[in-house]
Amino acid sequence: MKLASIKNGTRDGQLVVVSRDLTLAISATDIAPTLQAALDNWQALAPKLQHLYDQLNTGSVDRAVKFDQAECESPLPRAYQWADGSAYVNHVELVRKARGAEIPESFWTDPLMYQGGSDDFIGPKDDIQLPSDKWGVDFEAEVAVITDDVPMGIAKQHAADHIKLLMLVNDVSLRGLIPGELAKGFGFFQSKPASAFSPVAITPDELGAHWQNAKVTLPLLSSYNYQPFGKPQAGEDMTFSFAELIAHAAKSRNLGAGAIIGSGTVSNKQGTEYGTSIAEGGVGYSCIAEVRMIETIRDGQPSTSFMQFGDHIKIDMHDEDGNSIFGSIEQNVVKAGLPHEG
């Protein structure tokens with residue numbers, strides 16, 4: 001099934017069930033007022049939501065309204081947990097090579113993961129508001145899962161059972177701030193502003209055969225300033241599955257219902273040492289940083305700029321017939337008005 005949160009003036013939005021073709025929606029507030037409330041009691045409420053979804057798709061309900069993606073919050077406008085992994089080691093390897101460093105062998109067996117800010121996600125069509133565009137603004141196209149309650153120490157062979165929903169992500173990064181923060185040895189904070197998620201969260205069965213071994217086996221599409229930028233296969237070169245990422249996150253703590261686990265930037269080797277842009281016949285990239293890394297490796301310095309005010313990013317994923325599965329993330333980078341500016 002497909003679920004969304006519609007803006008209604010509250011912090012957490014209103015839960016709706018969305019038709020498979022993303023054209024219709026119906027309120028689910030008689031089942032659960034919000035998506036978090038549904039996740040808190042998923043075992044009991046999911047069958048009721050599924051029944052409403054089936055009715056919506058067969059046209060047997062009369063309360064349906066047109067679904068407008070622009071009215072959506074991120075499916076969870078705020079969450080108890082947002083932990084973003086780096087499942088595509090190719091991406092990490094490129095970062096290291098650009099500065100002349102090799103990756104430790106442990107990176108192939110032990111996932112990287114950071115805990116992001118989860119109290120202020122922005123909607124899939126909302127602007128990326130920042131005080132400055134001189135901080136190396138970058139998009140990162142990713143896939144994420146939402147779990148139910150995950151017990152501490154869960155084995156990876158059981159972790160996939162706790163995946164209830166999937167989404168797309170734009171994990172915005174401020175590349176110019178990252179080096180200074182990492183040099184402190186305490187991780188990201190200011191360099192990771194609010195992320196945005198796709199209009200719709202889906203249950204894994206919606207992907208059919210394209211959900212295999214806790215991986216999504218479809219291309220993740222990015223368009224930057226209305227030009228194709230990336231279409232890497234999300235299931236390819238994914239060193240760690242979502243089951244492995246969940247087990248890693250739960251090694252020493254329980255994960256509460258509604259925890260979001262991200263894949264990290266989707267990245268393919270493409271059969272070459274560094275990958276190839278779409279213009280060169282390859283599958284492209286899911287962030288600007290990778291392009292700059294390759295330019296540095298090839299040319300000695302980067303030539304592609306990071307995002308500036310007015311730039312536009314679109315992230316989407318299509319089924320085999322070219323239909324959007326999750327709805328699209330579409331955002332502009334704009335200057336934020338700060339409180340002291342009146």
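**Exercises on pockets and cores**

The lining of the second largest pocket comprises 6 nonpolar, 6 polar and 4 charged residues. Here Ala, Val, Leu, Ile, Met, Phe, Trp, Tyr, Cys and Pro count as nonpolar, Asp, Glu, Lys and Arg as charged, and the others, Gly among them, as polar. The model is predicted: local features need pLDDT of at least 70, side-chain atom pairs count only at pLDDT 80 or more, and totals for chains, interfaces and linings use all residues. Residues are numbered from 1 along each chain as its sequence is written, and side-chain values use heavy atoms, leaving out hydrogens and water.

**Exercise 1.** Describe the largest pocket and its lining.

*Solution.* Step 1: a pocket is an open set of points on a 1 Å grid over the protein atoms alone, where a 1.4 Å probe fits, with protein on both sides within 12 Å along at least five of seven lines; lining residues have an atom within 4 Å of a point.
Step 2: the largest pocket holds about 980 Å³. Its lining has 34 residues, with V95, R175, I178, L182 and F188 closest to the centre.
Step 3: α3 contributes the most, 5 residues.
Step 4: the lining splits into 16 nonpolar, 9 polar and 9 charged residues.

**Exercise 2.** State which residues in the largest nonpolar core touch the most other members.

*Solution.* Step 1: a nonpolar core joins buried (under 20% relative accessible area, 1.4 Å probe, protein chains only) Ala, Val, Leu, Ile, Met, Phe, Trp, Tyr and Cys residues through side-chain atoms within 4.5 Å.
Step 2: among the 71 residues of the largest core, these are F67 and M317.

Terms used:
Grid points are joined across faces, edges and corners, and a volume is the space filled by probe spheres set on the points. Helices (H or I, at least four residues) and strands (E, at least two) are DSSP runs, numbered from the N terminus. Buried means under 20% relative accessible area, exposed over 50%, partly exposed in between (1.4 Å probe, protein chains only).
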